[in-house]
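Dear colleague,

I am handing over the structure below, and my notes on what was found in it follow. Please read them with the coordinates open beside you.

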Amino acid sequence: MTLHVAVVGGGAVGVTAAHDLARDGADVTLFERDELASGSSGRAAGVCYSAFPHAVDAENGRRSLDRFRALSESRDDFEFTGCPYVWFAHEDDTERCDGVRKQVAQMNAVGADVSVVSPDALRTAFPALETVGIGVAARCDDAGYTEPATYVRAMGAKAREAGVRIEEDTPVRLRESGTILTPAVTQEFDAVVLATGVQTKQVLAESGIQIPMKPYRVQALTTEPTQASAEIPMTYDATEGFYFRPRKGGLLVGDGTELFERDPDDYPKDADDSFVETNCSRVENRVAFEPTVSRAWAGMCGATPDCDPLVGELRDGLYVACGFQGHGFMRAPAIGERLAEHVLGGEGIQEFDPGRFRGDEEFEIVEGLS
């Protein structure tokens with residue numbers, strides 16, 4: 001018997017889950033209210049790595065990297081670039097220096113190939129990276145970056161090739177677990193996958209279902225090309241709380257996290273002037289060139305009480321994927337894969353089971369990278 005599945009949400013998780021479901025025999029329709037990659041995936045940073053201290057995250061990180069690389073090797077419309085990931089704390093930040101060392105030990109314990117490196121070794125490996133004032137640093141070579149929107153579009157094309165019907169510009173309402181209402185028709189499905197990210201609370205509202213997830217705003221900018229950026233690793237400064245990576249000859253720089261809930265349909269989509277000024281100054285202190293901003297914007301992430309996402313069956317036949325704390329895109333290929341397996345009878349990801357919460361929990365938003 002063919003399983004009829006609706007996937008709602010045309011971001012990285014949604015297109016991956018839709019593709020895998022159709023490839024494995026399901027009849028799949030993907031609904032996107034705008035166009036593919038128009039939401040959080042299209043505004044993501046594209047930093048990808050397997051450097052996680054918990055086994056489930058490290059496993060998902062490695063699997064996602066495998067799928068990113070395989071897609072890049074098989075298609076001309078998607079490129080994944082391998083690049084080391086480095087993170088560090090300042091020498092006067094004893095707490096975070098200790099934290100980096102503990103993280104590396106925890107990551108090694110779950111199979112992540114990471115190591116502590118000295119500031120001198122870091123400067124030798126990356127001459128364009130300023131290491132003055134760094135107390136302790138760590139390095140992960142199982143890492144890389146991409147442009148997230150290109151992944152969504154490439155996987156969307158693969159999904160169509162696998163038989164998925166993709167309905168763009170089609171907002172939906174969820175009346176019951178298997179009932180989807182569009183502006184044109186009402187359709188019944190055996191299963192519904194809400195890969196709607198920060199929009200998930202709104203999609204569930206009409207059904208009276210609550211989830212403990214809070215959308216919050218983050219910011220990023222890109223700089224004009226300069227030759228020196230090719231010598232820069234993906235970098236996270238744990239003390240100052242910002243990151244950067246190479247991008248098209250320049251850099252992509254991120255930070256600007258707001259620790260309060262925002263309406264995902266009504267938030268400032270341009271970056272704040274203060275964010276731009278602060279992070280240009282920070283970058284200038286860490287690289288061998290003066291950055292010139294080409295674009296600055298804001299996007300949305302989702303927080304949960306325990307900082308782990310909600311992925312799996314929420315009600316009979318109703319599945320969700322949201323609350324990724326800023327680590328959604330880098331784990332999307334694995335999350336979409338495991339979600340599809342769950343819909344088709346697999347175990348899913350026990351640690352991310354949305355049933356671990358009542359749905360009405362009160363909690364504070366915590367910045368994901370920290």
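The largest nonpolar core has 72 residues, and Y85 and W87 have the most contacts inside it; such a core is a set of buried Ala, Val, Leu, Ile, Met, Phe, Trp, Tyr and Cys residues joined through side-chain atoms within 4.5 Å, where buried means under 20% relative accessible area with a 1.4 Å probe, protein chains only. Helix α8 (residues 328-343) supplies the largest share of this core, seven residues; helices (H or I, at least four residues) and strands (E, at least two) are DSSP runs, numbered from the N terminus. Another core, of 22 residues, lies apart from it and has F126, I232, V276 and V283 among its members.

This is a predicted model, in which local features need pLDDT of at least 70 and side-chain atom pairs count only at pLDDT 80 or more, while totals for chains, interfaces and linings use all residues. Residues are numbered from 1 along each chain as its sequence is written, and side-chain values use heavy atoms, with hydrogens and water left out.

Leaving aside neighbours within four places in sequence, Y85 is in contact (heavy atoms within 4.5 Å) with residues including Y49, R139, M234 and Y236.

There is also an open sheet of three strands in the order β10-β11-β12, with antiparallel pairing (two strands pair if DSSP finds at least two bridges between them). Because β10 (173-176) and β12 (186-188) each have a single partner strand, one side of each is left without a neighbour in the sheet. Three bridges join β10 to β11 (residues 179-181), and L174 stands opposite I180 in β11.

With regards

Notes: Buried < 20%, exposed > 50% of the residue type's maximum accessible area, 1.4 Å probe, protein only.
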